[in-house]
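Please look through the model below before reading on. My notes follow as numbered points.

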Number of protein chains: 2
Amino acid sequence: MNALPPGAAIGILGGGQLGRMLSVAASRLGYKTCIFEPQGDCPASHVANYHYKAAYEDEAALRAFSSSVGVITYEFENVPATALDLLEAARPIRPGLRPLAVSQDRLTEKTFLQGLGLATAPFRDVPDLPALDAALADIGAPAILKTRRLGYDGKGQVLIEEASQTTDAYAAIGGKDAILEGLVGFEREVSVIAARGLRGEVVCFDPGENIHRGGILRETTVPATLSGAQRTDAALLAGRILNALDYVGVLGVELFVTPQGLIVNEIAPRVHNSGHWTQLGCAVDQFEQHIRAVAGLPLGDGTRHVDVRMENLLGEDMHRVPDLLAESGTQLHLYGKSEARPGRKMGHANRLFRGA
Amino acid sequence: MNALPPGAAIGILGGGQLGRMLSVAASRLGYKTCIFEPQGDCPASHVANYHYKAAYEDEAALRAFSSSVGVITYEFENVPATALDLLEAARPIRPGLRPLAVSQDRLTEKTFLQGLGLATAPFRDVPDLPALDAALADIGAPAILKTRRLGYDGKGQVLIEEASQTTDAYAAIGGKDAILEGLVGFEREVSVIAARGLRGEVVCFDPGENIHRGGILRETTVPATLSGAQRTDAALLAGRILNALDYVGVLGVELFVTPQGLIVNEIAPRVHNSGHWTQLGCAVDQFEQHIRAVAGLPLGDGTRHVDVRMENLLGEDMHRVPDLLAESGTQLHLYGKSEARPGRKMGHANRLFRGA
């Protein structure tokens, strides 16, 4: 239960923009960071003390990495299980392996959430094509077929609008293990970024209201349009998830707001794109909150002192960077990615926001 | 006049906490950084892409450094002139060499400021002991004897309270070239952090009110207690200094507030300790403002959206870190220095501040 001593290193699995911003937050608290990431010149490597550029199957590299750090965390869900098992034998991994196992598999995740008494979209297990037909008959069209594993930013998903489409839909996701989810009629999408410390304390940031396009988050605005009761519900359900997983770190919880209450869409066991606004809106942002948790430090209070709108900048938005640099009250974050492909997250802008 | 392209590297001379926070700001804009600093494991190296660990006399290292970056800046005033001459032949140095030459020498600095029509403390050139006696007779005691070069944080200074102390005082500063400054009776000390872009535009942050103890800055509070006219004066005089130096980057101007108006104490041709509050108070902080300027990007607007009090954490304050981590509305910055000597700047805390 001791805090990681000043000057110690935190290991981060994955070298993308989340690892980059975690590294910066760790430096603010006097910690060093080691990134483990197969890709060279990755965003996190630019600001980390050390970059282990190796495959997740490279046991010698994994051992060297674990022996150079005091604690290990991750910035993405799909870390191979064999790597995790090897690392866990050497150093604490926070959040633990259970949150990863739960969130890596949509079927496990939904089952876990329902087991906590939380509302989710209706869903069915789809191990094969006949099961898909049965599930669609049961849930009704339209519904979304999603691979159980390795989906993100709308990938590995296909909308089924009528029963005749099941064969094509199943082929479109590569005939993989899947679930069928009923569509939820929602008023808005919000998310809660919550943290749990090593001693079990829970802190939530103010919920943000999200706009997705093409399955990719485009904007988050705080404060979200929510009643006081909905805010309380959101914080309580996030706390329930954190406690059930004996979680240490920051968790993102995506929610649908419906007339019947809040429905959990999905959880992400890491800092979350919809929490980037905290860099401008809070004294302690989500990245530092996560570092505090995994390092065994007390959590920050998470209070928001200004209203913020965060906009994601995709590859096709990069021509707007000069205009964004010239805007008043706008804080730009670029991730240092050299190739600006359409749909690729290249940066974000946090804007001071003064109501509608 | 072109902006530094995304992904290019900025060279920083000096690897202390200012270089560290400049590196983080550069990363936010998608730039890489190369640090040139003789000391190993220096604060800036933890978050920079590359650390040239070499002496300022190492011409081969200086050449390699300059060829790996698109533009060069510095985080401290006392860069050796020979190194600067070699580097300037290869790459633009921003701010230029003139601001360094002016601020490296207290006599040159004061003469420059008076030449701009700005008020300073009365001063006399002290090339030798007889000159000191004559200067004291002229200015009157008490007065402060300061070495012309290499002084910072109250070092190289000695207070002279009566004429009998001149011999000891001159010995105490090592018999170096010096100036004698008359004491200014001031109501408060404030500073302006101002920036000038590559196209000559000037932007000022809100003045901060400073408390020094033992010659070291301890606290900066914004807003400072100043009249509207004083705020305007402060911005105008900072602009005059920036324009006269054809400056590109952030400049710190320390001012005494007196019944007769603002008196310039000293200028620092770099980001400044009294501007650290901007990390919590502004969408674009002083470090990013400096990076924007030296990279040829448009300056940020510098508007402050919350009140902030910044407290420096010295070696003897480090036992308070656990309490500071637990405070609401406090943003902690630690510099990753391994040895916490008394008086050494180890970090700072930016606190949301809600009036007196």
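1. Terms first: helices (H or I, at least four residues) and strands (E, at least two) are DSSP runs, numbered from the N terminus. Contact means heavy atoms within 4.5 Å. Axes are lines fitted to C-alpha atoms, for helices over the stretch in contact, and angles run from 0 to 180 degrees between N-to-C directions.

2. This is a predicted model: local features need pLDDT of at least 70, side-chain atom pairs count only at pLDDT 80 or more, and totals for chains, interfaces and linings use all residues. Residues are numbered from 1 along each chain as its sequence is written, chains are lettered from A and ligands numbered from 1 in the order in which they are written, and side-chain values use heavy atoms, without hydrogens and water.

3. Helix 5 (residues 106–115) of chain B lies across strands 5, 6, 7 and 8 (178–182) of chain B. Helix 5 runs at about 145° to strand 5. Helix 6 (residues 129–139) of chain B packs on the sheet and touches strands 5, 6, 7 and 8 too. Its direction makes about 170° with that of strand 5.

4. The sheet in chain B is open, with four strands in the order 5-8-6-7 and antiparallel pairing. Pairing requires at least two DSSP bridges between two strands. Strand 5 (123–126) and strand 7 (157–160) are the edges, each pairing on one side only. Neighbouring strands are turned by 25° on average, direction ignored.

5. Four bridges join strand 6 (residues 143–147) to antiparallel strand 7 in chain B. Ala143(B) stands opposite Ile160(B) of strand 7.
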